[in-house]
Amino acid sequence: MSVQSVERALDVLEALAEHGGEAGLSEIAARTGLPYGTIHRLLQTLLARGYVRQESDRRYALGGGLVRLGGIAESMVGVWAQPYLTKMVELSGETANLAVLEGDFIVYVAQVPSPRRLRMFAEVGRRVLPHSTAVGKVLLAGRAAANAVAVFERTGMPRRTPNTIIDLTAMLAELDLVKTRGYAMDLGEEELGVHCLAVPVWDGDRVVAAMSVSGPAERIAALDRDDLAEGMRKIALDFGNELNPVADAS
């Protein structure tokens with residue numbers, strides 16, 4: 001049995017998250033369908049608990065109280081991901097990673113290394129910009145184009161290698177391609193000689209994380225990308241269903 005007030009408070013938090021962490025009352029109302037008075041009462045409670053803050057322009061933003069919960073949840077998700085990442089290593093022979101989007105940065109939260117002597121490592125906890133990574137492309141492709149543009153405008157899309165996409169129009173076309181084919185590639189865009197293929201982790205109708213395999217360019221290039229992506233998507237789907245068994249049951 002659900003508790004309506006709890007569901008509505010979560011709807012408000014999710015509306016803020018879907019607007020990049022900050023939104024006005026009208027935007028929250030449009031996303032949730034709740035009356036303004038109800039939203040205001042919920043926001044006052046969330047403000048008092050530190051889960052929401054009010055900006056100088058009277059817009060609302062996700063608050064610092066979520067950081068503590070998020071850090072604990074993130075570490076638990078990393079633990080839950082291990083058997084699924086192991087399956088991706090078995091599928092590809094390469095190192096598998098789990099990453100999430102925190103603000104404007106990609107954060108690697110779990111990894112299972114390849115058994116091969118020459119293998120790639122993305123240190124757990126490492127933060128990188130999304131435009132030069134396959135996981136970043138997957139995560140931003142799962143958001144509204146306006147949100148992706150806002151991220152790129154804030155980060156500036158710096159060149160990491162000669163292969164990095166630094167043109168906004170070209171990057172938006174790349175994100176459209178990711179949506180169409182269901183996976184993203186990093187072809188030496190973050191680090192020369194390293195290729196990566198990433199797929200989304202869905203929580204219902206939202207992309208909440210990305211799973212990837214990465215390795216030396218010549219080994220990744222030798223794999224059948226479409227077959228690999230199909231197998232990875234099945235694994236990521238199973239992982240997403242574990243994260244949200246309610247969505248799976250529905």
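**Before you start.** Residues are numbered from 1 along each chain as its sequence is written, and side-chain values use heavy atoms, with hydrogens and water left out. Because the model is predicted, local features need pLDDT of at least 70 and side-chain atom pairs count only at pLDDT 80 or more, while totals for chains, interfaces and linings use all residues.

Stop 1: Select residues 3-64. An unreviewed UniProt entry annotates this span as "domain: HTH iclR-type"; UniProt positions are given in the numbering used here, feature names are shortened, and annotations may be inferred rather than shown by experiment. The span is 60% helix and 13% strand, and its end C-alpha atoms lie 25 Å apart. Helices (H or I, at least four residues) and strands (E, at least two) are DSSP runs, numbered from the N terminus.

Now pick Arg-58, in the loop between β2 (52-54) and β3 (60-62). Is Arg-58 buried or exposed? At 64% relative accessibility, Arg-58 counts as exposed. Buried means under 20% relative accessible area, exposed over 50%, and partly exposed in between (1.4 Å probe, protein chains only). Its phi is near 75 degrees, a positive value. Most residues other than glycine have a negative phi.

**Stop 2: helix α6.** Select residues 145-155, which form α6. Its buried residues are Asn-147, Ala-148, Val-149, Val-151, Phe-152 and Thr-155. An α-helix has 3.6 residues a turn, so residues three or four places apart point the same way. Show α1 (4-18), α5 (134-141) and α7 (168-181) too: they are among what covers the buried residues of α6, where contact means heavy atoms within 4.5 Å.

Just after α6, Gly-156 has a positive phi of about 85 degrees. Met-157, in the loop between α6 and α7, also has a positive phi, near 50 degrees. Met-157 counts as buried because its relative accessibility is 6%.

**Stop 3: the sheet.** In which order do the six strands of the open sheet stand? The order is β6-β5-β4-β9-β8-β7, with antiparallel pairing; two strands pair if DSSP finds at least two bridges between them. β6 (127-128) and β7 stand at the edges with a single partner strand each, so one side of each has no neighbour in the sheet.

Select β8 (residues 194-203). Nine of its 10 residues are buried, so β8 is largely enclosed by the rest of the structure.

- On one side, β8 pairs with β7 (residues 184-187) over four antiparallel bridges, and Ala-184 stands opposite Ala-198. Six residues lie between these strands in their hairpin, where Gly-188 has a positive phi near 70 degrees.
- β8 is also joined to β9 (residues 206-216) by 10 bridges, again antiparallel. His-195 has Gly-215 as its bridge partner, and Asp-203 stands opposite Arg-206. Two residues lie between β8 and β9 in this hairpin, and Gly-204 in the turn has a positive phi of about 70 degrees.

Stop 4: To find its centre, select Tyr-108, Ala-122, Arg-126, Val-194 and Ser-214, the closest of the 15 residues that line the pocket. α5 and β8 each give two or more residues to the lining.

On a 1 Å grid over the protein atoms alone, a pocket is an open set of points where a 1.4 Å probe fits, with protein on both sides within 12 Å along at least five of seven lines; lining residues have an atom within 4 Å of a point.
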